[in-house]
Amino acid sequence: MIVGTSLFEGDAAAMRRQRSAMAALPRLPGVHAVNVQFQKEPWVSVPGIETMPALLSDSVTAAGPGGRRKPLTRELFDVLAQVAAARGHRYFAFVNSDILILPAALEAIEREVRQTYAISRHDIDDLDGDVREGTLLTAGIDMFVVSVEWWRRHCRRFRQYVIGDACWDNVYTAMMMCHSDGIILNRERLILHERHRAPRQDVTSTARYNGFLAALDARYFSLWCDYWVRLERARAQGLPEADERALREEVFVWRRSATAVLQQSIRNARAWLHFRRPRATLPAAGRR
C-alpha cells in the first residue's frame, strides 16, 4: 500500500514531531511511503521517505494569501491514487505528517476488506515516550485508506479543500461512508499524535475557504455532525461496538430529495455571497 503525506516547514517542535512520525513508516510491512510536495521548490523532506514533487495547486491560489502554502486535498488524493495504480497497489492512504501509524492500524485494515477506511487518532504526550497512554479523539479523522478503483469512480464528488484546516476530513469521511462500504475505525489505538498547542485558525483565509466549501457540502457535513453527536452519546452510555456500527450505517445514507436539493441551492447562494465579501479585500494575485 502507498502511504502518502505532505511534510511542511515548521518550527523546531513541529519538525521533531514530523521526523518521529515519519521514522515509523519504513518499519511497517508492505508500506511504501511518499512525501508529496509541490512541483516547484522549496521542498521539505526527511531521510528514508521518497519525496515526490507533483502538486500544482495550493491554498494561496484557492483561498488567497495568508499563512504558509498548503496542498489541496483532492489533488493530493489524485496523485496518491495515480502512484498506487502505477506501482501495482490496490489501495493508497493519506496520513497527516505528524501522525505515527502503529502496526495495529494495518492489522485492523486487513481484518475487514472495505473500499474506504477513516481512522481517528489517539493524542499522547510524547511520540518518543510511552505511547500506551492517550486520549481517543473521535471528532476528526487523521488517516484515510482508499481503494484506487473506488477513488477513480467517485473522485468527482470531492472538492479541493485545504489540508491542515478544519472540516475537510469530516466531509470526506461522510462522502466515503455514503458512497462506499467504508468503515470508521475510532475505537482502538491505531494512530498516534503528540499533543501540542494549535494556532487559532478560524480567522485565516484558508479556514474561511474550508468553511465555504463545507457550506457547499452541507448535506454531507450535517450527516457527520449527526453521527458524531450520537456516537459520543453511545460512548457515554457504554454501548457495544455493534451498536456503533449500526449507527454508522443508519446515518450515512445518501437520500435523493428535491427539497434537500432546493435547500442546498439556497445555502450555496448564501455561502458564495459571504465568501466573496471578505475575498473582495484580498490582492488580485490571491483571487481565483
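Two strands count as paired if DSSP finds at least two bridges between them. The model treated here is predicted.

**Exercise 1.** State in what order the strands of the four-stranded open sheet follow one another, and which strands stand at its edges.

*Solution.* Step 1: the order is β5-β11-β7-β8, with mixed pairing. Step 2: β5 (99–101) and β8 (135–137) each have a single partner strand, so they are the edge strands, and one side of each lacks a neighbour in the sheet. Step 3: ignoring direction, neighbouring strands of the sheet are turned by 35° against each other on average.

**Exercise 2.** Describe how β7 and β8 pair, and find the residue opposite His-122.

*Solution.* Step 1: β7, residues 121–124, pairs with β8 in the antiparallel sense over three bridges. Step 2: the residue in β8 opposite His-122 is Leu-136. Step 3: turning to the packing on this sheet, helix α1 (residues 12–24) touches β5 and β11 (191–194). The direction of α1 makes about 15° with that of β5.

**Exercise 3.** Decide whether Thr-206 is buried or exposed, and do likewise for Thr-173.

*Solution.* Step 1: buried means under 20% relative accessible area. Step 2: Thr-206, in helix α7 (residues 205–216), has 3% relative accessibility and therefore counts as buried. Step 3: leaving out residues up to four places away in sequence, Thr-206 touches Ser-59, Ala-63, Lys-70, Val-162 and Asp-165. Step 4: Thr-173, in helix α6 (residues 168–179), has 0% relative accessibility, so Thr-173 counts as buried. Step 5: with residues up to four places away in sequence not counted, Thr-173 touches Ala-118, Ile-141, Phe-144, Ile-184 and Trp-224.

Notes
Residues are numbered from 1 along each chain as its sequence is written. This is a predicted model: local features need pLDDT of at least 70, side-chain atom pairs count only at pLDDT 80 or more; totals for chains, interfaces and linings use all residues. Side-chain values use heavy atoms; hydrogens and water are left out. Helices (H or I, at least four residues) and strands (E, at least two) are DSSP runs, numbered from the N terminus. Axes are lines fitted to C-alpha atoms, for helices over the stretch in contact, and angles run from 0 to 180 degrees between N-to-C directions. Contact means heavy atoms within 4.5 Å. Buried means under 20% relative accessible area, exposed over 50%, partly exposed in between (1.4 Å probe, protein chains only).
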